[in-house]
Amino acid sequence: MKPLTLTLTGFRSYPGQVTVDFTGTGLVGVVGDTGAGKSSLLDGISYALFRKSSWSATKPGQLIADGAQAMSVDLTFLHEGQRWHVHRTMHATNPNAGRHHLKNLDTGEETDNANHVDDRLEAVLQMSYETFLRVGLLPQGKFDQLLIAAPKERGKLLRELFGAESLETIQRTAARQRETLNSLLAVSKTKRDAMPDDPAQAADEAGAAAAQAETRAERLNAAIGRITQLQKESSTAQAATAGATAAAHTLSARSVSDAGTTLEALEPVAADIAARGEALNIQATRAAEQESGLTDAIAAADAEGEGQDALSKAAVILEALAADAEEHRGERDRLAQQNEQLTDEDEAITRTEEELVERAAQIEPSAHKARAAAQTAKHVRQQAAAARTHLAAALTAAGRLADAVHGQSAAASQHQAARERCGEMQEAYASAERNRDAARTSVETLQQRDQAAAIGADLHDGDDCPICLRQLPDGFEPAPGTEAAELAEARTQLTHANRAQENAADQLARARAAVTAAETAIRERDTDHDTAQQATRETAAKAKSAFSDLATTAAAGHFDDAAAMATLTAVTTARATPAADGSAHHEELLEQDTAPITDALTACEHAAETEAEQLQANVHHRTARIDTDRATLNERKKSHQRAVEGHQTALSAHTRAVAKTTRALAALPPRIRATLPGDAIEVTADAASTALDAVAARQTALQELFDQRESARQEKNAVLSRQRALDEETRTDVDRPLSELRGNLDAWAQAVTDAVTYLDTAEARPAPQAPPRQGSPPPASSPPN
């Protein structure tokens, strides 16, 4: 993945729009102060590709720059020759308003939705976010930890950063597999040790040994021929040297007098070695041919599928084949019987389901009747409750009417008593006023007398009276003044008289108010009486209507509305009439009087409910039995389904087992397989035993081939050993004496050459030539005589 352009808006350190163009660049470095936004560029790429950030933010919303309401990231990148553009936005206040869009700019492919974009990008990049952090981006802070960490911790951090844990896991797995392979290899080596190291190489070595033996035989033949030639040349040379008397003295010191003897002695040795070498070559060829034929026979057996390993596998297969086939036949028969049972059970379940459906259909009319009865009982309860309500209302209205009548009587009695009390208070008030006036007159008289005594104390005879203006007579004596105690007593009596008069006035006002209230109460009681009478008539009519409705709704004879109404009329009439002593009827007596009505209502409700309950109980009983049978059937179906699944599982296992046995049968050698039935499941113990005997016979025959081949190899190795010994004998008994003789002859030939130079040319003879050394060019020929 190679980024082309990156545009950030409102992203971490970039509140405004910033675009970075990577096109046309190779290695890019981002430098700047702390907080300049270097990591924000990497986080922008991470967020665009994986909707995650290496920055330690507790939630993605923290990637929005301070003060920004939203952020957006646009990344265009090149991957595997195709250009892709990913656009992501996020809002601070509305997380659901973000947009995630991916587009292939070359093919036009587009993907929307955050999760779909994430999945598509992971599929395109072939890596997850964790892998990206390990191989594409080193998170901030991890590098510092890597620098300051101890060597042991640094290795741990590197393994964590680059995901080396998986490599260690692979290494451990590889080590376990290596141990397993080593154990298998050890077993294979044990089996291989019993075989030749390299059959082809052994055959090649045998062929090479035979060729080498032939070469040695040819060399021996050539040596014998050369020895014969040397003998002739030696004879010629000796005859030629008979006339070279002077040269004989020179050559006498270097003459090889025993060359012929030596050659004659070596000739039979070389002939014997050549004969034995030829015999060994024949034996080696015969052993190689025998080994090759046996190897071809073993290879042909392998090609026909009757090799040693194939026969061993066939023996193992045949040992278990009969038992497996017998088990497969038993399982086949058991599965067939089980399939029949499951089919019968499925048919029985179908019949039971049909019976349950039919029984459920038969219950429906009874259920409808029970629902109707329950509805009727409900209506009866409602109407009975309404009847009780109206009954209570009628009794209450009758009681209120009785209370109104009683209130009228009580109001009249209270009015009469108030009037009488008012008259008494009127008389008491008049008496109090008289007493007050008398007390006031007494106080005034005493005060006037006291004033006159005071005035008279200053008057003398002949003075004018200030009151009557007449002259006082002679001998005038002023009257004595009022005693203080007497005046105080008079004043006290006046105070008491005033208070008594005020009390009398107050009581008179209250008495008059009581009369007025009593008159108002009489009018109100009259109104209450009229209202109570009207309510009594209305509630009685409603009760009658309720009784009639109940009688209509209930079954015939369950409720007598006429009797109930007659009882109610009697009760309300009795209740509305006050007792002779003016007391009200007791509630206990009213309950006793209305008991026939309430009992009739209760009996009607009970009858309706009993009928509904009986019908519902019958339906419930039948439905419960059906539900029980249906639950039993469901359990039966589940058990049947489990049995079917178990049957399918067993059938699949049986099919796999039969297929495995069939493959094992097909893996047998063709001739062995031909002795068995074509269907693996039909193999019997006798057939398997016969085939096993045939395999044992083929193994015995094949083992004989291996034994014969081993004998041929041993014989070939023995021949090779004898050929090596014969070669050593050839080098010791032939090649070494010949080499010594050749050296002596070479020295003698050189001496002859030197002597020929001084001999008469006419008498010169060709000097014998030593045989050339192997690998050296032949010597130049001597000049002619």
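Mentor: Helices H1 and H2 pack with their axes 8 Å apart and at an angle of about 105°, where axes are lines fitted to C-alpha atoms, for helices over the stretch in contact, and angles run from 0 to 180 degrees between N-to-C directions. This is a predicted model, in which local features need pLDDT of at least 70, side-chain atom pairs count only at pLDDT 80 or more, and totals for chains, interfaces and linings use all residues. Residues are numbered from 1 along each chain as its sequence is written, and side-chain values use heavy atoms, with hydrogens and water left out.

Trainee: Why is H1 called roughly perpendicular to H2?
Mentor: Angles under 35 degrees count as roughly parallel, over 145 as roughly antiparallel, 65 to 115 as roughly perpendicular and the rest as oblique. The angle here is about 105°, and therefore H1 is roughly perpendicular to H2.

Trainee: Which residues of H1 and H2 meet, and what kinds of residue are they?
Mentor: Contact means heavy atoms within 4.5 Å, and Ala-48, Leu-49 and Phe-50 of H1 meet Asp-118, Leu-121 and Leu-125 of H2. The residues of this contact divide into five nonpolar, no polar and one charged, given that Ala, Val, Leu, Ile, Met, Phe, Trp, Tyr, Cys and Pro count as nonpolar, Asp, Glu, Lys and Arg as charged, and the others, Gly among them, as polar.

Trainee: What makes S2 and S6 the edges of the sheet?
Mentor: Two strands pair if DSSP finds at least two bridges between them, and the open sheet has six strands in the order S2-S1-S3-S4-S5-S6, with antiparallel pairing. Strand S2 (18–21) and strand S6 (110–112) each have a single partner strand, so one side of each is left without a neighbour in the sheet.

Trainee: How do you know that S1 and S3 pair?
Mentor: Strand S1 (residues 2–9) and strand S3 (residues 70–79) share seven bridges in the antiparallel sense, and Leu-6, for example, has Leu-75 in S3 as its bridge partner.

Trainee: Why does Thr-730 count as buried?
Mentor: Buried means under 20% relative accessible area, exposed over 50%, partly exposed in between (1.4 Å probe, protein chains only). Thr-730 has 7% relative accessibility, so Thr-730 counts as buried. Thr-730 is found in helix H15 (residues 685–758) and, not counting residues up to four places away in sequence, touches Leu-220, Ile-273 and Asp-735.

Technical notes:
Helices (H or I, at least four residues) and strands (E, at least two) are DSSP runs, numbered from the N terminus.
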